[in-house]
Amino acid sequence: MTKEPKKSKQQRATEVCRRMEERYGNRGSALRYHSPYSLLIAVMLSAQTTDRSVNKVTPRLFDLWPHPADLAGADEKDVEEVIHSLGFYHTKARHAIECAQTILADWNGHVPDTMEGLTSLPGVGRKTANIVLNKAFGKVEGIAVDTHVFRIATRLGFTAAPTPLAAEQDLLSIIPQSLWGSVNETWIQLGREICSSRAPKCDICPLADLCPSAGSALRSPAKGIRKK
């Protein structure tokens with residue numbers, strides 16, 4: 001197979017972002033939050049768990065511990081009891097408390113607004129930091145690559161990276177920086193509605209003509225793809 005020139009890949013990526021913004025750009029975040037602190041904790045809790053599940057536990061969580069200083073002094077078992085319906089709740093409870101303690105000790109009780117500061121917090125990686133910077137502080141320093149974005153980027157042929165973290169660098173190299181901010185939210189919507197992991201609906205996908213994977217998928221009804 002002939003390798004696609006970078007310029008062609010950049011043009012496809014720009015068109016993908018344009019269509020996704022047109023289709024999903026008016027939708028807000030699925031996670032409910034009211035401050036940088038509540039967003040940070042909500043995003044941390046959302047790892048390998050649906051946003052809907054997180055939204056079910058955060059009202060009580062933030063009612064009990066509304067500020068970093070409150071959560072910093074919480075008992076781990078009490079936090080676990082509130083978020084026990086989420087996956088990996090033991091680890092998440094510990095990281096949430098440690099994160100709040102670090103914010104209190106090192107950042108005067110305020111969530112840092114830099115990539116370096118955020119990734120210095122326990123349990124916070126680039127994906128979480130990118131989301132918090134973008135939504136809470138209006139800063140765009142990268143693209144938050146979660147499982148949906150990783151899957152879509154791979155199917156579109158934008159990356160062959162083995163991990164989401166590595167895939168981010170591929171996306172940053174072909175997507176104009178002015179478009180980075182909306183990639184995570186809009187591509188997530190496509191992943192949930194159309195480009196699912198097991199049965200992508202390529203026959204109704206607005207990106208089918210731009211996707212190298214769509215042609216083979218449409219010819220494989222055994223995998224759950226309907227023919228056009």
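**View 1. Helices H2 and H6 approach within 10 Å, their axes crossing at roughly 155°.** The model is predicted; local features need pLDDT of at least 70, side-chain atom pairs count only at pLDDT 80 or more, and totals for chains, interfaces and linings use all residues. Residues are numbered from 1 along each chain as its sequence is written, and side-chain values use heavy atoms, with hydrogens and water left out. Helices (H or I, at least four residues) are DSSP runs numbered from the N terminus, as are strands (E, at least two). Axes are lines fitted to C-alpha atoms, for helices over the stretch in contact, and angles run from 0 to 180 degrees between N-to-C directions. H2 and H6 are therefore roughly antiparallel to each other (angles over 145 degrees; under 35 is roughly parallel, 65 to 115 roughly perpendicular and the rest oblique). The crossing of H2 past H6 is right-handed (the near helix is turned clockwise from the far one by less than a right angle; anticlockwise is left-handed). Leu40, Ile41, Met44 and Leu45 of H2 meet Lys92, His95, Ala96, Cys99 and Ile103 of H6 (contact: heavy atoms within 4.5 Å). This contact of H2 with H6 comprises 7 nonpolar, 1 polar and 1 charged residues (nonpolar: Ala, Val, Leu, Ile, Met, Phe, Trp, Tyr, Cys and Pro; charged: Asp, Glu, Lys and Arg; polar: the others, Gly among them).

**View 2. Helix H2 (residues 36-45) crosses helix H3 (residues 51-64) at roughly 135°, with the axes coming within 11 Å.** This angle makes H2 oblique to H3. H2 passes H3 in a right-handed crossing. Tyr37, Ser38, Ile41, Ala42 and Leu45 of H2 make the contact with Val54, Thr58, Leu61 and Phe62 of H3. The contact of H2 with H3 has 7 nonpolar and 2 polar residues, and no charged residues.

**View 3. The axes of helix H1 (residues 6-24) and H11 come within 9 Å and cross at roughly 75°.** H1 and H11 are therefore roughly perpendicular to each other. On H1, the contact is made by Val16, Cys17, Met20, Glu21, Arg23 and Tyr24, and on H11 by Ser182, Val183, Thr186, Trp187, Gln189, Leu190 and Glu193. By class, the contact of H1 with H11 has 7 nonpolar, 3 polar and 3 charged residues.

**View 4. The largest pocket is lined by 43 residues.** A pocket is an open set of points on a 1 Å grid over the protein atoms alone, where a 1.4 Å probe fits, with protein on both sides within 12 Å along at least five of seven lines; lining residues have an atom within 4 Å of a point. Ser46, Ala47, Gln48, Lys127 and Asp146 lie nearest the centre of the largest pocket. H8 supplies the largest share of its lining, 6 residues. The lining comprises 16 nonpolar, 15 polar and 12 charged residues.
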